[in-house]
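Below is a briefing on one structure, meant to be read with the coordinates open. The points are grouped by topic.

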Amino acid sequence: MLTAFHPGVSSQKFDTNAKIKAVFIYNFMKYIEWPKEYNSGEITINILGDNQAIYDELTKMSRVKKISNQSFSVYKIDSPGNVGNPHILYIPEDSTDQLSQALENLDGKSTLIITEAPGLARKGAAINFIVQGNRQKYELNKSNLESRDLKVASVLEQLAVLVN
Amino acid sequence: MILAISTQAQNKLTNAVRFLKEGELDKAKELIDSTNDDSLFTDKASTYYYKGYVYKELFKEREAENVQSPYRVVAVESFKTSLELEPDGTYSESSRMNLKYLAETVYNHAAATLNPEHYKKAITNYNFYKEITSTAYPNTNFQEKDIQFNLALATIYNNLVQADSVNAEEYYTKIISLYNEVLAIDSNNISANYNMGILFYNQGVDIVNAMDYGLDLEQLNELQDRIVVLFKKSLPFMLKAYELNPQRRETLTGLQGIYFSLNELDKSERYKNELDQLDQEQSGTEGG
């Protein structure tokens, strides 16, 4: 009786897209300038809805990274009514239908609105994640940034899909 | 005088066989070893056959757990020489049977040492097993065993990648080569297809996992190019595994992950739904 060999390999469970988006978001924070009143205290990132993967990645990132000595914190909010006055509001694809209400609540505030569904850079988002050739890219609407008194570095513009 | 020497010499073999039968292995070994330089014996199949037999018994009695047993090596060489001297003689069939027995012990030792610590011994023993078996039975087909061994060895290298990331590239090259050998034998081998798919997928995931959050955008885009290549390389293998068995959970999970990482979310959702459906069917079966 010969002994049998036992082959077996398992796949890794890991949301690659969330990590890649987190790296993008760190660059957005680096290359976007907020008005002075936002430059003290911690940077806040609010996530609308319950996207656990992006929440986990941003939270991990917040433990190891800072922007110009400002640390940052990540919060999940359950409705656009609780949006507050964060540096960034992240609206995952499955919360897209709440964009218009979030825009109303953020009127006059210098919040960078990041979305991830087709067409949203033309509907009020400053940055919208898109997919091109199986890769994560981002649309950037400069008017939507400037209307919130946010300034963007040229490096971010050069690598963006610009939308008006 | 010459006749007396010859008779004395002849007695060496006879006595060695007698000691062998009586279980006096050290005495049998001493006598059989003393025939090495005796021209009366060096070209006789019977001498090598009995030498093989004595050493085989020594292996069984004293080195059965030794995966690199020197007694076994001598036994194998002796039976092989006996066969070479007389391929169809009195001792040939028994030599073949003894070689088969020894080959099986070598194979079992290959299996026993197929772990991250001792896998090099496993490779040596597996090749030795094939060499012995080919000598005894030249028409033996090793394809099925090669598939089993290569898949298991690839699993060991996969474990070593986790433990020794510095040499990961070297291990990956070996793993791919092993799976390719399996697929050259049997392109429908589900494990090789699935494992090859997972290998490329995991390589892509490893790159993302290791990314620093502070990576600049150009570097990020370059890495995205690299991982997309890897995810696309994994896809045909995983799809083939799916074609071979559409209800294998691991394959459905793999396809869900690959398409998700490629941002083809509709397709990812399709395989997720199939997985959910499979789970429902299984829980229904278990419940009913």
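A:Asn69 is exposed, because 6 other C-beta atoms lie within 10 Å; a residue counts as exposed at 12 or fewer such atoms, as buried at 20 or more, and as partly exposed in between, with C-beta atoms placed from the backbone. The model is predicted, and local features need pLDDT of at least 70, side-chain atom pairs count only at pLDDT 80 or more, while totals for chains, interfaces and linings use all residues. Residues are numbered from 1 along each chain as its sequence is written, and chains are lettered from A and ligands numbered from 1 in the order in which they are written.

**Loop residues with positive phi in chain A**

- A:Asn69 lies in the loop between helix H2 (52-64) and E3 of chain A; helices (H or I, at least four residues) and strands (E, at least two) are DSSP runs numbered from the N terminus.
- The phi of A:Asn69 is near 70°, a positive value in a residue other than glycine.
- A:Asn134 also has a positive phi, about 70°, and is not a glycine.
- The loop that holds A:Asn134 runs between E6 and E7 of chain A.
- A:Asn134 counts as partly exposed, with 17 C-beta neighbours inside 10 Å.

**Chain A overall**

- Chain A contains five helices and nine strands.
- Read from the N terminus, its elements follow the order α-β-β-α-β-β-α-β-β-β-α-β-α-β.
- The C-alpha trace of chain A spans about 80 × 35 × 30 Å along its principal axes.
- Chain A has 164 residues, of which 41% count as buried.
- Among contacts in chain A with a separation of 6 or more, 58% come from residues 24 or more positions apart; a contact requires C-beta atoms, placed from the backbone, to lie within 7 Å.

**The sheet of chain A**

- Seven strands of chain A form an open sheet with mixed pairing, in the order E3-E2-E4-E5-E6-E7-E9; two strands pair if DSSP finds at least two bridges between them.
- The edge strands, each pairing on one side only, are E3 (72-77) and E9 (161-162) of chain A.
- E2(A) and E3(A) pair in the parallel sense over six bridges, and A:Thr44 has A:Ser73 in E3(A) as its bridge partner.
- E2(A) is largely enclosed by the rest of the structure, because five of its six residues are buried.
- At E9(A), the pairing with strand E7 (residues 135-140) of chain A is parallel and has two bridges.
- A:Glu139 stands opposite A:Val161 in E9(A).

**Helix H1 of chain A**

- H1(A) lies across E2 (43-48), E5 (112-115), E6 (127-132) and E7 of chain A, and runs at about 35° to E7(A); axes are lines fitted to C-alpha atoms, for helices over the stretch in contact, and angles run from 0 to 180 degrees between N-to-C directions.
- Of the 16 residues of H1(A), 13 are buried, so the helix is mostly covered.
- The 16 residues of H1(A) (16-31) should span 22 Å at 1.5 Å a residue, and the end C-alpha atoms are 23 Å apart, which agrees; the expected span is 1.5 Å times one less than the number of residues.

**A:Lys151**

- A:Lys151 is placed in strand E8 (residues 151-152) of chain A.
- A:Lys151 is exposed, with 12 other C-beta atoms within 10 Å.
- Apart from neighbours within four places in sequence, A:Lys151 is in contact with A:Ile32 and A:Glu33.

**Chain B and its side facing chain A**

- In the interface, 38 residues of chain B are in contact with 27 residues of chain A.
- The elements of chain B that give two or more residues to this side are H5 (92-112), H7 (143-163), H9 (190-210), H10 (217-244) and H11 (249-261).
- H9(B) gives the most, with eight residues.
- By class, this side of chain B has 20 nonpolar, 15 polar and three charged residues; Ala, Val, Leu, Ile, Met, Phe, Trp, Tyr, Cys and Pro count as nonpolar, Asp, Glu, Lys and Arg as charged, and the others, Gly among them, as polar.

**Helix packing in chain B**

- The axes of H9(B) and H11(B) come within 11 Å and cross at roughly 35°.
- The residues that meet include B:Gly197 and B:Gly204 in H9(B) and B:Gly254 and B:Gly257 in H11(B).
- The contact of H9(B) with H11(B) has four nonpolar, six polar and one charged residues.
- The buried residues of H4(B) pack against H3 (45-62), H5 and H6 (119-136) of chain B.

How values were computed. Two residues are in contact if their C-beta atoms, placed from the backbone, lie within 7 Å.
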